[in-house]
Each structure stands twice: as structure tokens, then as C-alpha cells.
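Please look over the sequence and the structure below before reading on. The report that follows takes up one part of the chain at a time.

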Amino acid sequence: MRKRNLVCGLAVFLAAAVPLTALASPDFAYSEERWAQLRDDKLEFEEIGDLVHEYNSTVIQNRIAYRDERDKTRDDVAQEYYDRANDIYGNIEYPDSDDSNYGSRVAAALNNELQAEQLMERGDESTDDSETLKLGYDQTEASLVKQAQGLMITYWNQYYSLESLRDRKQQAQQSLGSEETRLAAGMSTQAKLLSAREAVTSAEASILTTESSLAKTKETLCLMLGWTYGAQVEMGELPEPDLAVLDAISLETDIEKALENNYTYKKTTKQLANARSTSVHETLEQTRKKQRETIASNVADSYSSLLLARSSYEQALQAYEIQRTAYESAGRKLAAGIITQKEYQNQQVSFRSAEVTVRTRKLSLLQAMVDYQWNVDGLASAS
């Protein structure tokens, strides 16, 4: 209901005359079960695309704007420039030579002439129509989905960092207690005690900073997806990176898909078909050629980043298994009285550090997978 209330509020603010049915998909667009998932207060990663489509304010505004643009031809768009230019021409007033403000009024008239001429030129060079306009709106929506997915990954990265910082604070507090005991026994110094206290203070400050960043990330994400400010939203778990998907990637095939799907490239192709003048046609031809090369290069770079992220994740998994085995062994040794409590705690710290590294690198791999897939699905940079 929070999301639906926000949509209603936007409807009133953006266009009172637009019926609410124009702002959201009809009931049959999703199953009853799917609508229930989208309208509850739990955010799942796989829901993000549908939530952006139904509830993001920018997407809603674009949907309203497109209602007036869906039937426009290139000539209609050009005529809008001509009409604006003619309005300016019609309102230009040239002063008499004896006018007290002759200089400033002449300057204003010449400036208006220049604006009108530029609008006329833009009309002559216009290559847009309803299709190119929709491509721009679709690109905006896809970019928002990608951004929201990145924010959710960032949220969990910050969440795990917070857990690590809390562990660090606990360790710092244990060290402080140890130093206090040692100082009382004459086995430490005030300088060491002060250093231990500073470590606790530093850990507490880091926790506060990360808690603030975590809350801000969540709030930004939830507002993007239609929740009202301060809504209590449960964050679902992220999907596990599917390494089998990576094994099945064909870079050559994906580059062709990326070119076929790319919003900017498709828009340029359509503008090329709409071009009136030879100069505009030639310019768009060159632009299109460069875009092909840039898109292919960026997809290849994204694939390399994906492979690097996978390698880093797999190395972290190997290091984790080594530390897990050592930690379990340390537990048995502690029980047998072979090692001290401090030695056991040191091994515990190493194990938890390896655990955190696996988590963060898994998130980096997931982000790399998201980036690569969006490059293939139409968002690879073309410039």
C-alpha cells in the first residue's frame, strides 16, 4: 500500500488529468501472487526490475510524457522547433534609433534572432521521432534497474562490513581488558593502555559511520522502488553467483547481442534513417561506426573484469578453506590444552577475516556479473 499511495500522490502532482490506470500496469500484467510480492514490504533482488517499472517516479513521469509523443514522426518533431522559432521571430521588436535604450534593445533583438535561427537549424537537423524518444525512456528505465541492483549489492557489502567492524570492536575491547589486567599486575604501561583505548574508540567511530552509510543506502534504494520515506522494508538475500553461467559465456556471441540490444546504437540507427541532409547523414554514419567499436570494446573489457572477479573469488574460497581447517584444528588443540586462549583467538581472527573476504569478493563477482549482463542487454557505453 505504501508504494501504491506514492503512485497516487505522484499522479496528482504530475498530471491531475491523467487517470491512474495510465500510471501502472493492469492487473493481468502479473499474476495475483506476483502482485502480492511486489506490494509487500520485503525487497527481493529479482523484483527490482518490476518495482522500477511500476513505482519509480522517473519512469512514471516518462510514461506520462510518452503519451503525448507516441505518434510523433520526425516531421512533427522538426515542426515543433520551427514553431518555437517562428514564435520568437514574431515577437522580435527592433527599436528606433532615438530610443534611449537603443543599444540594449538591439542586442536583445539580435540575441532573439540567433535563438530563432538555431531552432530552425535544429529543426532542419532533427532526426528524432516517437521511436527514438521511447528508446531514450527505455534506456533510462534500464539504467535505473541497474543502479538499484548495484545499490542492493552495496547495501549487503556495507552490512557485512558492519559485522566485521563489530567483531573488531569486540577484539579491541578484549585487548583493552587484557591491558588493564596487565597494567594492574605491573606488566604493561599507560601508553599501551591508551593505545588499546584508542583502538576501541576508533572501532566505535567506524561502526557509527558505516551504520549511517548503510541506512542511507537502504533509504535511497527503497525510495527508488516506490516506498515512502522511513518505510520499514525487509532486505532479502542476494542470489548466489552462478559460475555455470560464466562457463557458458561466448564473448563473440555476446558482443553481437550487445550491438543488437544497445539503446544508444539503436537510437543512432533510427536517427540515421530519419536524417534529411547529407551532412547529418554522414555524421551519423561516422558516429554509428565508432559506437560499434566502442560497444564491442566495452563488452570485452567488462568480460575481462568478470573473469578477474571470478578468479579473486575462487582464491578467497581456497584461503577460507585453509583458515577454516586451521580454526577447527585450533579448537581441538585448545580443548586438549596444547595452545593458549590467545593463540586460539588469533586463529579465530584469521578465520573470520577469510570469511569476510569471501563475502566481499562474492559480492564483487555478483556486481561484475550484473555489469556484464547489462552491457549485453543494452547499456554498454557507446561513447
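## Asp 247 and its helix

Asp 247 is found in helix H9, which covers residues 243-247; helices (H or I, at least four residues) and strands (E, at least two) are DSSP runs, numbered from the N terminus. Because its relative accessibility is 55%, Asp 247 counts as exposed, where exposed means over 50% relative accessible area, buried under 20% and partly exposed in between (1.4 Å probe, protein chains only). Asp 247 and Ala 78 are 169 residues apart in sequence, and their C-alpha atoms are 49 Å apart in space.

## How the model is to be read

This is a predicted model, in which local features need pLDDT of at least 70 and side-chain atom pairs count only at pLDDT 80 or more, while totals for chains, interfaces and linings use all residues. Residues are numbered from 1 along each chain as its sequence is written, and side-chain values use heavy atoms, with hydrogens and water left out.

## Asp 124

Asp 124 lies in helix H6, which covers residues 102-125. Asp 124 counts as partly exposed because its relative accessibility is 42%.

## The whole protein

The protein has 13 helices and 2 strands, and buried residues make up 36% of its 383 residues. Along its principal axes, the C-alpha trace spans about 100 × 60 × 45 Å. The radius of gyration of the protein is 30 Å, whereas a compact globule of 383 residues would have one near 21 Å; this radius is taken over C-alpha atoms, and the globule rule is 2.2 Å times the number of residues to the power 0.38.
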